[in-house]
Amino acid sequence: MLLNRIFLSIVLAFFLSVQVQAQSLLNKTVTVEARKQKLSDVLNIISKQGNFYFSYISTILPQDSLVSISAKNKTVRQILDQLFEGEYMYKESGNYIILFKKTSGQSYYQITGVVTDTKTGQRVPNASVYERQQLISTLTNNDGYFRLRLRDKSPTAAISISKELYSDTSLLINTGHDQELSITISPASYQLKTVEVTGHMQVERTWLGKMLLSSRQKVQSLNLGAFLADKPYQASLAPGLGTHGRMSGQVINKFSINLIGGYTAGVDGFELGNVFNIVKGNVQYVQLAGVTNIVGGKTKGVQVAGIHNNVLDSVKGVQVAGVSNVVDGNLAGAQVSGVVGEVGGNMEGVQVNGVIGIVKGNTNGVQVSCIGNSTHKALEGWQVGSVYNYTSQDAKGAQISAISNISHGTMTGLQLGTIFNYARHLKGVQIGLVNIADTSSGYSIGLVNIVKHGYHKLSLYSNDLVNYNVAWKTGYKKFYSILFAGFSPGNKKVFTVGYGIGKEIVFNRHLFLTAEATGQTLFIDGSDSQVYRLQPLLNYRLTRWLSVFAGPSLAFHIYDEKWKTKDGYLSQIPATGYPSFKMGDGATGWLGWQAGINIF
């Protein structure tokens, strides 16, 4: 995931610029004492004290008019309001304050003021001041000062103030003219909140949220908490630069179109971000992003991203990403990832990944990955991986891989791994080169089959073909595997290795029968051929760890025309005296015997 984060950071940095906020010129404090002085001279006094310049059109400003003013330690805005009596507007640009004459029928007015703590009398920084209907907001600066520019839409407006650890405050104002307010807010009656941690509070804390959202937007979200508004649409350039401004994180939209990226409270329809989308709450229906989608709540529908999707709650639907998909909660549907897919809860559906698939809860469905799949709880369905499949609890269904399969619970179904299979308790079938189970009531088919609490015997024996043989039998009574080797010295020199399977049938405490089928290769003077044997062997248990056995065998010798024996080696197969029969060119059968002892 580190490479994913680095790549995303480079891409997003290309689209986003760093926002730098300087101290507001209009909030600088100055002192002016003037009696019947020219307006232009008074403006010069103000600009020199504030270390900035005024800019205006001389024809719209009565520079020669005489004014009188007495203002001590007032902000530039307050002094200008007093001089112009609300007839002019002010705008900052660099080190200039531009003065505009209000036209008749002006549709905007400004609300300015200071927010203070009721108990301490100190000014409160980073408090959210907003108008609910127009969705216009700001934060108080370090001196508790704020400014709102509102539209003149109705006779009254409600100004609300919210701040973490303070009680929300609202007041009604008359609209249509600039005004200054002094607002006090009271600390909440408790200092420690009982907080339910949800995606609404977590999305800003993700590494992408930290990188893409400004500190002011995070403070705003923390202050406003559960305040939400519904709007039909949003259009934005980037978070905070759109139709809902800094209140975008508190608005649920039917449609959200974001040129670079968007930041909303929720989507109940369609959202498109050329680079990214960040949603604090739930998303329903369709969400598309060129790079990444981050959702703090639930996602229902289709979510597609060029690189990465991250949902902090659950997903019902389809999630597709070029690199990675992460769902912290449950997934019901399909997840398709170019590299990695991860589900933090349970998955019910299909997970398809270019490299690795991870489900931290239960899987009820199918996991398919080019490298491997991992389910941290139970599996009911299929896992298909080129290298490995893993489940930490019970598995019902199938695990299929080219290398290995592991189930730390009860395996009911099929484990098909070319190299290795493991199950804590096997109730199904294992097929692989090496199969291991702690306990088993199923079938292990492979070269080496080991059941930890199962069947283990070392056999030393002789038969009609080879004098000295040793065999290792592992598995469980109803189905065990046999690995064996043997040799005959002297004038019947022969070497052999082979593999077989067997089954034990118990008659009583001491007497039991083993039915075995084996195949072996004979090496004689550089030539080789194959012998296959079917042999029922009667066993008698002498002690817990020792038994003897003997029985007949039906053997078949398969060879080609080039196979032959020489003096000093086994001269004839079968040896003289054993009933034999020809099975055509290159095949002979006979009745033989086998006898020996079992240890363990």
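**Chatting through a predicted model**

Biologist: Which residue stands opposite Leu148 in E9?

Modeller: That would be Ile111. Keep in mind that we are looking at a predicted model.

Biologist: Okay! How do E6 and E9 pair, and over how many bridges?

Modeller: Strand E6, residues 108–117, pairs with E9 in the antiparallel sense, over 7 bridges.

Biologist: What sheet are they in?

Modeller: An open sheet of 3 strands, in the order E9-E6-E12, with mixed pairing.

Biologist: Which strands stand at the edges?

Modeller: Strand E9 (145–151) and strand E12 (179–185) do. Each has a single partner strand, so one side of each has no neighbour in the sheet. From one strand to the next, the twist averages 30 degrees.

Biologist: Switching to helices: at roughly what angle do H2 and H3 cross?

Modeller: Roughly 175 degrees, and the axes of H2 (residues 39–50) and H3 (residues 76–84) come within 12 Å. Angles over 145 degrees count as roughly antiparallel, and therefore H2 and H3 are roughly antiparallel to each other.

Biologist: Nice. Which residues meet there?

Modeller: From H2, Leu39, Val42, Leu43 and Ile46 meet Val76, Ile79, Leu80, Leu83 and Phe84 of H3. The residues of this contact divide into 9 nonpolar, no polar and no charged.

Biologist: Last topic, confidence. What is the mean pLDDT of the chain?

Modeller: The mean is 85, and 90% of the residues reach 70 or more.

Biologist: And where does pLDDT stay under 50?

Modeller: Residues 10–22 are one such stretch, with 15 contacts beyond four places in sequence in the model. Another is residues 191–200, with 12 such contacts. Where pLDDT is low, the predicted coordinates should not be read in detail.

Conventions: Residues numbered from 1 in each chain as written. Predicted model: local features only at pLDDT ≥ 70, side-chain atom pairs only at ≥ 80, totals over all residues. Heavy atoms only, no water. Axes fitted to C-alpha atoms, helices over the stretch in contact; angles between N-to-C directions. Helix = DSSP H or I, 4+ residues; strand = E, 2+ residues; numbered from the N terminus. Parallel < 35°, antiparallel > 145°, perpendicular 65-115°, else oblique. Contact = heavy atoms within 4.5 Å. Nonpolar A, V, L, I, M, F, W, Y, C, P; charged D, E, K, R; others polar. Pairing = 2+ DSSP bridges. pLDDT = per-residue confidence, 0-100.
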